[in-house]
Amino acid sequence: MDKDILVSYIPLYKNALLLTLKIGWQGIGLSMIIGLAGAAVLHFKVKVIKNIVGIYVELFRNTPLLVQLFFIYFALPKIGVNISAEICGMLGIGLLGGAYMIETFRSGLETIPVMQSESALSLGLDKRQTFLYVILPQAFSAVVPGLTANIIFLLKETSVFSTISLMDLMFTAKDLIGMYAKTIECLFLLVVFYFIMILPVSIIGMIVERKTRYAEFGD
Amino acid sequence: MQSLGIDVLLKGSNFSRLLQGLYVALEISFVSVTISILLGLIVGVLMTLKNPILCFILKIYLEVVRIIPQMVLLFVVYFGTTRVFGMDLLAETSAIIVFVFWGVAEMGDLVRGAIKSIPTIQFESAYALGMNKFQVYVYIILPQTLRRLIPLSINLITRMIKTTSLVVMVGIVEVLKVAQQIIEANRTTSPNAAFGVFGVVFIMYFLICWPISRLSIYLEKRWA
């Protein structure tokens with residue numbers, strides 16, 4: 001491995017990392033919004049919309065992101081929907097992640113025994129208070145591990161962006177290998193940069209998980 | 001309104017070519033899934049044994065798999081081995097190596113979780129009855145674990161099928177590549193073919209993964 005080459009490539013990888021992070025986190029933000037809204041719809045059993053959310057979840061959980069991106073990026077323009085690569089990446093991560101987030105949030109709400117809300121209601125709290133002060137804090141602690149896993153999964157999935165010619169880490173590595181054939185250096189940096197991107201999330205997730213244990217009953 | 005590409009698929013052998021591409025992807029996932037599940041069972045049991053060195057190594061392995069995207073692993077194995085060892089791995093072989101590397105970690109973690117969920121009293125009672133470690137695992141723990149494990153590993157199968165779509169990146173002619181070829185070949189006669197063809201690929205993946213994940217949910221509910 002050549003040290004000079006490594007150093008000279010780092011700025012390129014840094015730019016790619018920033019772009020990946022930007023689009024990735026935008027997508028994750030979108031997925032959380034979709035997740036919360038969808039989980040609320042399923043939890044409160046809103047008619048009709050509930051079914052649409054169900055179909056959406058099944059459709060996006062059972063197809064690969066690569067195929068989803070190809071569809072959004074190459075197929076939709078043919079019926080007049082033109083989307084830039086960046087928005088497409090964000091949408092792809094957001095829609096895929098949304099389907100996973102809905103499941104995570106919904107199962108988080110489901111882990112809270114009915115007894116909890118019944119007790120809260122009988123103590124004189126109203127519905128809103130019950131949800132905000134009793135259900136939500138407990139559900140949050142149940143959701144954290146799944147949430148972290150989803151975020152890490154989505155950040156990893158961003159590697160697919162390179163197929164719709166977004167200059168992400170994967171694209172940069174492929175490009176540099178193609179131009180200068182310094183394969184080992186490029187691949188080494190690629191792995192290192194993914195570690196830089198995802199390891200903090202993994203560690204923060206573990207810490208938050210430990211801190212939010214307070215809301216759990218028993219052990 | 002111009003045609004949206006469904007007619008392109010009906011032309012000549014296009015549709016059967018697409019199915020053949022799908023078959024290539026499924027074959028790779030089938031081989032990887034089988035090896036992953038078998039090796040994952042062993043790795044999962046190893047993780048629950050309280051051997052500090054083994055635990056440490058396996059933990060690092062898990063974390064590495066958790067953090068590095070499968071596509072990166074695919075590149076490292078496919079292009080890296082050629083450079084470092086001068087080996088000429090087939091794209092299919094490197095894809096299987098990568099998916100097994102990833103799948104064993106996932107499966108191992110599932111097995112570990114399932115074994116952990118068996119109450120300690122089961123181990124203790126078995127030991128108290130005079131069984132040795134091997135007997136305890138084979139006759140007491142594993143049968144109980146398997147039941148909890150089957151829905152989870154079926155879920156892993158759908159994930160592996162979805163992930164194999166990445167093999168298009170190392171030049172394997174699977175369903176997405178065939179779709180691109182069909183679209184390119186018919187670019188002049190039906191410029192909008194991308195919609196229909198990619199749409200069909202989307203539906204194909206859904207039709208394969210959806211029943212499997214329904215089965216997993218069904219078993220989970222029934223056996224829980």
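**Note on the two-chain model**

1. Over residues 17-205, chain A is 80% helix and 0% strand. The end C-alpha atoms of that stretch lie 20 Å apart. This is a predicted model. Residues 17-205 of chain A carry the annotation "domain: ABC transmembrane type-1", which comes from an unreviewed UniProt entry.

2. Salt bridges come next. The whole structure holds eight of them over all chains. One joins K22(A) to E86(A), with N to O at 3.3 Å. This pair links distant parts of the chain. K22(A) sits in helix α1 (residues 3-43) of chain A, and E86(A) sits in helix α4 (residues 85-110) of chain A. The two are 64 residues apart. K22(A) has a relative accessible area of 41%, so K22(A) is partly exposed. E86(A) is also partly exposed, because its relative accessible area is 33%.

3. Helix α4 of chain A also holds a local pair. R106(A) and E103(A) form a salt bridge, with the closest N and O atoms 3.6 Å apart. Both residues lie in that helix, three residues apart, about one turn. R106(A) is at 22% relative accessibility and therefore counts as partly exposed. That value stands against a cut-off of under 20% for buried. E103(A), at 25%, counts as partly exposed too.

4. R159(B) bridges to E106(B), the closest N and O atoms being 3.2 Å apart. R159(B) lies in helix α7 (residues 133-163) of chain B and E106(B) in helix α5 (residues 91-116) of chain B, so the bridge ties together parts that are 53 residues apart in sequence. R159(B) is partly exposed, at 29% relative accessibility. Back in chain A, salt bridges with shared partners join E103(A), R106(A) and E110(A) into one network.

5. Which residues form the nonpolar patch on the surface? They are M1(A), I184(A), F188(A), V84(B), F85(B) and M87(B). Together they have about 620 Å² of accessible area. Two elements give two or more residues each: α8 (183-211) of chain A and α4 (70-85) of chain B. M87(B) is placed in the loop between α4 and α5 of chain B. M87(B) counts as partly exposed, because its relative accessibility is 39%.

6. Two backbone entries deserve a look. K45(A) has a positive phi of about 50°, although K45(A) is not a glycine. K45(A) is in the loop between α1 and α2 (49-61) of chain A. At 59% relative accessibility, K45(A) is exposed. S165(A) likewise shows a positive phi of about 50° and is not a glycine. S165(A) is in the loop between α6 (127-157) and α7 (169-180) of chain A. Is S165(A) buried or partly exposed? S165(A) is partly exposed, with 45% relative accessibility.

7. Cysteines close the note. How many disulfides are there over all chains? The count is zero. The test asks for a pair of cysteine sulfur atoms within 2.5 Å. C186(A) has a relative accessible area of 0%, so C186(A) is buried. C209(B) is likewise buried, at 0% relative accessibility.

Notes:
Residues numbered from 1 in each chain as written. Chains lettered and ligands numbered in written order. Predicted model: local features only at pLDDT ≥ 70, side-chain atom pairs only at ≥ 80, totals over all residues. Heavy atoms only, no water. Buried < 20%, exposed > 50% of the residue type's maximum accessible area, 1.4 Å probe, protein only. Salt bridge = Lys/Arg side-chain N within 4 Å of Asp/Glu carboxyl O. Helix = DSSP H or I, 4+ residues; strand = E, 2+ residues; numbered from the N terminus. UniProt positions renumbered as here; feature names shortened; annotations may be inferred. Patch = residues over 30% accessible without salt bridge, like charges linked within 9 Å, V, L, I, M, F, W, Y side chains within 5 Å. Areas by Shrake-Rupley, 256 points an atom, 1.4 Å probe, with all protein chains shown as cover.
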